[in-house]
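I opened the file to look up domains, cores and surface. My notes follow.

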Amino acid sequence: MSRIYSRIVASGSALPERVVTNHDLELMVETSDSWIRDRTGISERRVAAADETTCDLAERAAQMALQRAGVKASSLDLIIVGTTTPDLIFPSTACLLQHRLGADECGSFDVNAACSGFIYGLSIADQYIRAGNAKRVLVVGAETLTRMIDWEDRSTAVLFGDGAGAVILEPAIEAGILSTHIHASGAHADLLCADVGVSRGFREHEKNAGLHVLMKGNEVFKVAVRTLGRIVDETLGANNMDKSELDWLIPHQANLRIINATAKKLDMSMDQVIVTVNKHGNTSSGSVPLALDEGISDGRIKRGETLLLEAFGGGFTWGSALIKY
Ligand code: ACO
């Protein structure tokens, strides 16, 4: 029996309208446009309006993907939303999204793997399709991370942005997703975390503590570069593929220096890398599908090309997907 692959049939994306530039941030914290651009590659980011939620962005991205695929939401078998900034603690953003799309009764759940949320979701969706348990899956990465930013903390305020990306997956005889790889290590939760949950710190949050992203940036940076280097090797090795066979790198967009390091390891020119961090900042699980959709929509990524997607984030979590698009 021939192997079944999952194939990306269409993608979509959504960004809030409001642009916050580095110059805007110069008025809020002690920073400079040149520091932010030199250290991160970011020039501006999008920030959700006060009444705009993660599910709003997810819905726009999903509608675009459904429309491009030419399929109805009611035909979806599964909805997975990678997010670490859900609208509510429950119901999940995936359930809210399912109802808005009119896809009632298909299985729907969120995956919280911080910036690796979309890759984790893609990996789960791929298993469902390859096992024959789903024929059409919507995978979304959506975030409003700026909601939990301490705008007085220059070490994190300059890094993040809001946005969402989505893909529709269907079974195919030809690849398709060649492999996905996910990993986690909870040993260093203190290096990158949001400091409030439900069973820890919730009431304190009401009083004063606030909900913020805490990050020891330079330590995370070193682990990210090392770890992404390893997963790239693992992914190519699992497919007996040489790095020269890759057409596109679609990395998590946290920092241009991390992206450069991965591209260099792969001997890829920056012309083969989809970069959005300059105008989106780090949109966590939104970042990989936003970059993927940009490359597909502007015609750079073509059918039949080989794509390497990778992400690293809080947990730590990390993951990759090798795709014949
Ligand atoms: N403006 C000006 N100066 C600043 C700013 C700022 N916005 N932020 C920090 N500085 C200062 C620091 O105080 C420090 O000053 P000092 O030397 O006097 O002590 C100096 O700049 C250097 O600070 P570092 O933190 O060492 O700077 P670094 O080069 O490491 O860049 C950054 C910081 C951009 C955060 C980088 O470390 C990084 O990108 N880390 C990885 C982030 C990441 O990948 N996260 C994972 C995904 S996120 C998620 O999962 C939610």
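I call a residue buried under 20% relative accessible area, exposed over 50%, and partly exposed in between (1.4 Å probe, protein chains only). By that scale I found V198 exposed, at a relative accessible area of 51%.

This is a predicted model, where local features need pLDDT of at least 70, side-chain atom pairs count only at pLDDT 80 or more, and totals for chains, interfaces and linings use all residues. Residues are numbered from 1 along each chain as its sequence is written, and side-chain values use heavy atoms, with hydrogens and water left out.

Entry, domains. I took the bounds from an automatic or database domain assignment, which gives domain 1 (5-174) and domain 2 (178-324). Their centres, over C-alpha atoms, are 14 Å apart. Domain 1 puts 53 residues into the contact and domain 2 puts in 48 residues, with contact meaning heavy atoms within 4.5 Å.

Entry, cores. I searched for nonpolar cores, that is, sets of buried Ala, Val, Leu, Ile, Met, Phe, Trp, Tyr and Cys residues joined through side-chain atoms within 4.5 Å. The largest has 39 residues, and L249 and F312 are among those with the most contacts inside it. At least three residues of this core come from each of domain 1 (5-174) and domain 2 (178-324). I also noted another core, apart from this one, of 31 residues, including W248 and I301.

Entry, L249. Leaving aside neighbours within four places in sequence, I listed the contacts of L249, including L266, M268, I274 and L308.
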